Amino acid sequence: MVKVLRTVKEIQEFSKAAKDAGKSVGLVPTMGALHEGHLTLMRRARQENDVVIASVFVNPTQFGPNEDFDAYPRRFEEDCKKLETVPVDAVFHPEPKEMYPEGYCTYVNVEGDITKKLCGAQRPGHFRGVATVVTKLMNLSRADRAYFGQKDAQQVVVVKRFVSDLNIPTEVVMVPIVREESGLARSSRNQYLSAEEKEAALVLSRSLQKGKAAFDGGEKGVETLKKIVRDEIGTEPTAVIDYVDIYSFPALLPIAKVEAPALLAIAVKIGKTRLIDNMILGE
Ligand code: AMP
């Protein structure tokens with residue numbers, strides 16, 4: 001049985017015992033509704049650390065007022081069964097008021113350009129919420145390593161930034177995107193999709209593949225590559241583009257040509273569901 005830690009005191013005692021015994025700690029932060037993407041992060045953490053702590057916390061501070069905080073899938077019992085298959089040693093599953101009690105007023109705000117583009121531009125306050133909760137989780141778990149998916153590539157860049165800026169002694173590890181056989185990137189939000197929408201959502205990975213194929217075929221111009229991706233997304237009548245962008249990776253600087261690793265990132269609405277996906281070109 002995976003040990004369930006619900007309070008700040010419980011996780012602090014658990015991680016102190018691990019550290020006092022000289023054990024390394026791996027942390028995998030999630031919002032639950034676990035799928036193979038999450039479990040791949042957990043397995044990697046299992047390989048590289050003596051003790052693995054997962055967190056399952058739908059973090060209110062990273063959702064905007066008109067976003068899906070209330071609707072976000074919560075299935076903690078199923079999640080625990082999945083965590084046992086890894087297995088992880090403990091799961092931290094606090095109530096929001098445990099993380100943000102009465103009087104709470106401290107936030108981690110990454111102010112550089114890296115939070116002003118892509119999802120940062122579309123979701124004001126999102127990365128402030130992410131940076132705040134991840135800082136707290138790193139402090140609570142005393143993690144030697146923390147694992148994040150390339151699925152949220154900008155998040156990885158932002159986390160690496162504040163971990164470095166705030167001298168947090170945790171190594172940030174990025175794990176590649178896990179996809180369904182169809183190519184669809186695994187996501188807890190895929191559960192919102194009807195069968196037809198799931199079919200329509202294949203346009204995300206398909207458009208990235210088209211962009212990558214053009215890049216591999218010699219096209220280096222960012223505007224041309226973006227147009228190829230946009231045109232492919234345009235073949236799906238129900239898809240609405242939030243953004244199609246290319247930036248250097250991991251710096252996320254604007255570029256005109258892809259001459260070194262670059263992030264091709266997209267956000268697309270299928271019906272009411274906003275999905276993101278990306279590929280790194282020129283790795
Ligand atoms: P979430 O529960 O959506 O906040 O995701 C928790 C962690 O799992 C984040 O670091 C995500 O980037 C990662 N993750 C989510 N989906 C995938 C995926 N398909 N492949 C790899 N990592 C993922």
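Here are some notes on the ligand site and the salt bridges of this structure.

1. Some ground rules before you zoom in. This is a predicted model, so to speak of local features a pLDDT of at least 70 is needed, and side-chain atom pairs count only at pLDDT 80 or more, while totals for chains, interfaces and linings use all residues. Residues are numbered from 1 along each chain as its sequence is written, and side-chain values use heavy atoms, with hydrogens and water left out.

2. Start with the ligand. There are 17 residues around it, and Met31, His38, Asp152, Val178 and Arg186 come nearest (a residue is near if one of its heavy atoms lies within 4 Å). By type, the shell splits into 8 nonpolar, 6 polar and 3 charged residues (Ala, Val, Leu, Ile, Met, Phe, Trp, Tyr, Cys and Pro are nonpolar, Asp, Glu, Lys and Arg charged, the others, Gly among them, polar).

3. Now the polar contacts (N or O pairs within 3.5 Å). The side chain of histidine 38 puts an N or O atom 2.9 Å from a ligand oxygen, and a backbone N or O atom of glycine 149 is 2.9 Å from an oxygen of the ligand. At arginine 186, a polar backbone atom sits 2.8 Å from a ligand nitrogen. The protein covers 92% of the 480 Å² of accessible area that the ligand has on its own (Shrake-Rupley method, 1.4 Å probe).

4. Which element gives the largest share of the shell around the ligand? That is helix 2, with 3 residues (helices are DSSP runs of H or I, at least four residues; strands are E runs, at least two).

5. On to the salt bridges, of which the structure holds 20 (a side-chain nitrogen of Lys or Arg within 4 Å of a carboxyl oxygen of Asp or Glu). Arginine 179 and aspartate 277 pair up at 2.8 Å, N to O. They link distant parts of the chain, 98 residues apart: arginine 179 is in the loop between strand 6 and helix 8, aspartate 277 in strand 9. Arginine 179 is partly exposed at 26% relative accessibility, whereas aspartate 277 is buried at 3% (buried is under 20%, exposed over 50%, partly exposed in between, with a 1.4 Å probe and protein chains only).

6. Aspartate 216 and lysine 212 form a salt bridge at 2.7 Å. Because they are 4 residues apart in helix 9, about one helical turn separates them. Aspartate 216 is exposed at 51%.

7. Finally, lysine 226 bridges to aspartate 245, with closest N and O atoms 3.3 Å apart. Lysine 226 lies in helix 10 and aspartate 245 in strand 7, so the pair ties together parts 19 residues apart in sequence.

Methods:
A polar contact is a pair of N or O atoms within 3.5 Å; within protein, one must be able to donate a hydrogen and the other to accept it, and residues adjacent in sequence count only if both atoms are side-chain atoms.
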